[in-house]
Amino acid sequence: MAKADKAGGKTERPKPDGPAGKLVAIGEHVTQQIREGESPTIELTVRSLSNVVYDEDTQKLGVGDKTSERSFFNVAHAKKFLQTLEVAAIAKSLLDIGKHASLRDVFYMAKRTIPHTKVNVVDEQTESDKAIEDLEILTGSTREQLNINANKMGSVAGNVVIEDAGDMIDWSKLGSGGWSIPSNVESITFRKVSAKYVLYMEKAAVWERLHEDKFWLKQNCIIMSSQGQSTRGVRRLLQRLSTEHKLPIYVLTDNDPWGIYIYSVLKYGSISLAHMSDELAISDVRYLGVTSDDVERYKLERHYIKLTDKDLARLEQMANYDWFKDHAEWQRQFKLMKKAGAKVEIQSLSSRGITFISDVYLPEKIRKQEFID
Amino acid sequence: MAKGKEAAQEAGKDQTLASFSDEKQEASRATGQEEKQAAKQKEAAPSMPIAHELAKKQRDIGVGEFFARNKHLLGFDNPRKALLTVVKEAVDNALDACEEAVILPDISVQLIDMGNERFRVIVEDNGPGIVKQQVPKIFAKLLYGSKFHSRKQQRGQQGIGISAAVMYGQLTTGRPAKIRSKIGKDHLAYVCELHINTQQNKPEIVQEEEKEWSKEHGTRIEIDLEGSYQKGQQSVDEYLKHTAVVNPHVMIVYVSPKAEQLIFPRVTEQFPKQAMEIKPHPHGTELGTLMAMLHDTQFTTLQQFLQNEFSRISPAVAKEVCENARILPKTKPQDVSREDAERIAKAFQETKIMAPPTDCLSPITQELLEKGLKKEVNAEFYAAVTRDPVVYKGNPFQVEVALAYGGDQPKDKQAKLMRFANRVPLLYQQGACATSKAVAGTNWKAYGLQQSGSNLPVGPLTIVVHLASVWVPFTSESKEAIADYEDIGKEIKLALQEAGRQLQRYVHKKTKVHLQLERANIFERYIPEVANALKRLTGEDEDALVEGLKAMVKKEKIQETIDTMQAVNAEYDEDWARIGKDDSEGPEEGDGSGKEENGTADGEGDGNGLGSAPKKAAKGKKRD
């Protein structure tokens, strides 16, 4: 630091600590390179499957030690390089003023057209989201620690009482919508948890079905959902219920490669957030359905939807993941799905009656403890 | 009928007997089927054999009659093309005559619109003139001339062209051609009006006289014909301009039917390398030709005949040929039988004979080709290649190629192809020409251009191909396209590839520096933003960061490289380039309409110059 100051001829400014300090360090690394006439480059840990390591002992995905260089004077990197620094500056300003912003907010804060060009700093939110993920790795902080929150997505209902920001909230008394799960669940406290297990499902529509049937009441459980791939808030909440209250967690998804991957992310961690598996992965998650065996048992074959080429490619890819490769039961499931060449949606169970899922299918499976672990 | 019966009888008899005579053998092959047919005919026909009836109609066909009816074979398919063909034949003849006499050609071409779609074509040269006795035959007898039998690189080949032009004029207007020729200072000019007797292929002198002509020597021909004049592609204008491009030693003064005068000045006083006449080479001589030569020769022994009538036959080689043919060298050429001649022809192939001399050719040369192209096309890169002469079937030939790339040329259209044979521009039948096939068969993608399948490449490119040979194999008498002989096509391709590689190097370098510039521009765009973000993160001085980053881009150096790469073309002449391209008369007469008219008039559309290749390709695709 002293060296940099000498070269810049500046007086020492007070250094912020924590995440903010780490953000500043990234900037100083780059300015020093520029002063010394070196090509500005940021070293990043690779966040792709090639650098994801599956730890068999912990059953969690982790990040390997492969790094890549993001260099400004590389046409393919230049824009990303700018986006990383831009988002870092935004995050620092948030920390400086002590305010939180959503991912969408950050996108709009970064989005502008570069003067005299038709080029935007960011065109889509995925770009700023990626930059935030990069900063998480670079600073070793979660985005929540950088004062950036995801959108609320996901609902929960069940025999649980929590305290959040001074309010007591009873998950069994929140009408038809349930409690919507915030992106940051670190500050909530569980006051009373009488439910026996958690049922997490891929489809919000199925959650509404079960909520209307008061399934959670009859079964004394928690039902939770977030449309599609689960958000971090949902994953973190599930992890806390699992670790703090030892509740078993059952997952219900469509019988297709994408549904099974939702389960995979919950259990082992995701490839893009492998660096955060410790906070997010939950080893005590079980796959309840819909399995290929269910299809046979409940005669769902007539609701088969043919697998597309994309589905098949994804299926192939998943079968080769380290954490599934040697898993006999999953390999059997993949084989059955491939053999059928078709997928089945959760809702196809409704063909046996609208309340079949809550009256028969789920209670039976849970009673018989029929799941894939 | 009678034959059929006989055949049946013969077939029944001993086959071995029948096979003794050729005629009988043939008859014996025709068996039952012919008999049936004969029986049918018997019922239908009267007693007199039909053959006698038919015989009444069978008679000689005059070569004149034949061509009068098959005008398209000579390039008179439609009125516009007819006008061009007449001009072309007259100019080609004039240039050949001047060059033979080593006179720098001054050619005057005048087209007069006589109304009613009639034109008068007047072509005058300063050549050596033609002696009085020869004038009628040269201008009014088809297949008469000096060039057919000589092996020399020249424009005319067959002795058809100019007389066909005269005949076409006569057929369409009924008027005779007017010829005036003077052979020297102390002579009077011979002036005559000529008709062709198409039945007998004989000249008929309508009127003749001798009179003063201010010119020292030269020839002037005047032909009236039915035609149509249009500027643009495939026009007289374009033909004359391209002629001037590849004949820089020629001056042409041209007066168009719109009474505009265009002067194509002489670019160089230097006479092109003299094309030499060579004797036929044994390897390119076919049996029939050999027999005719044996019959006509002045020499008294076979040895002398071989030594003197062919190129590359030394006394030793002549003896070897005789030995290989098992004929005495002393044999009288006229006594050589067909079988003997066949053995000689075979001996030609078996005996090792040097390839014919190739110094007899007169290429345009790389330098002049490039210069001419620069005048015509404003491009950024030029390349020209003159290949060494090679021999095909005893005929020496030489290929030259020039390319003009980039500049003002359209990027999304097919490359423009300019074709020349023995310094004559070829304007029609591009699709059928060996040059187009060679261009289409060359992989231009390797040289940085676009190309789909076997089509002409797409991109800002003009390609010039010149074939010089003592005998150019045209696809037809109208001399519009070069026949696609393998060896010729191969040689053209090699020349194109050689030029293409030069182009590739240029395109590659150009792409590289432009890419560098593009990258530099991208970085420059981001620099202020990066500096700003860094300032917000670290408080560092923004301007210093901008300067630091900009110094690393090195944009000035890249721009400098680009500037030095652009060729400066001082030769380009905008007015010149416009000749033969556009028509100031109006949009419907632009080069598009020229194409269209010729496309339809040519029937199959293969005469349609530039448009032909893509059209054909499209047809081919549909069939696939």
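Which residues does B:Leu403 touch, not counting residues up to four places away in sequence? They are B:Tyr382, B:Ala383, B:Leu461, B:Ile463, B:Ala499 and B:Leu503, where touching means C-beta atoms, placed from the backbone, within 7 Å.

This is a predicted model, in which local features need pLDDT of at least 70 and side-chain atom pairs count only at pLDDT 80 or more, while totals for chains, interfaces and linings use all residues. Residues are numbered from 1 along each chain as its sequence is written, with chains lettered from A and ligands numbered from 1 in the order in which they are written.

**View 1. The largest nonpolar core holds 112 residues.** Such a core is a set of buried Ala, Val, Leu, Ile, Met, Phe, Trp, Tyr and Cys residues joined through C-beta atoms within 7 Å; buried means 20 or more other C-beta atoms within 10 Å of the residue's own. B:Leu403 is among the members that touch the most others, and so are B:Val86 and B:Phe139. Helix H7 (residues 79–100) of chain B brings the largest share, 11 residues; helices here are DSSP runs of H or I, at least four residues, and strands are E runs of at least two, numbered from the N terminus.

**View 2. Chain A meets chain B.** Here 28 residues of chain A contact 18 of chain B. H3(A) gives the most to chain A's side, with 10 residues.

**View 3. Strand E8 (residues 160–164) of chain A pairs with strand E11 (residues 189–193) of chain A.** They're antiparallel over 4 bridges; pairing takes at least two DSSP bridges. A:Val161 has A:Lys192 as its bridge partner in E11(A).

Terms used:
Two residues are in contact if their C-beta atoms, placed from the backbone, lie within 7 Å. A residue is buried if 20 or more other C-beta atoms lie within 10 Å of its own, exposed if 12 or fewer, and partly exposed in between; C-beta atoms are placed from the backbone.
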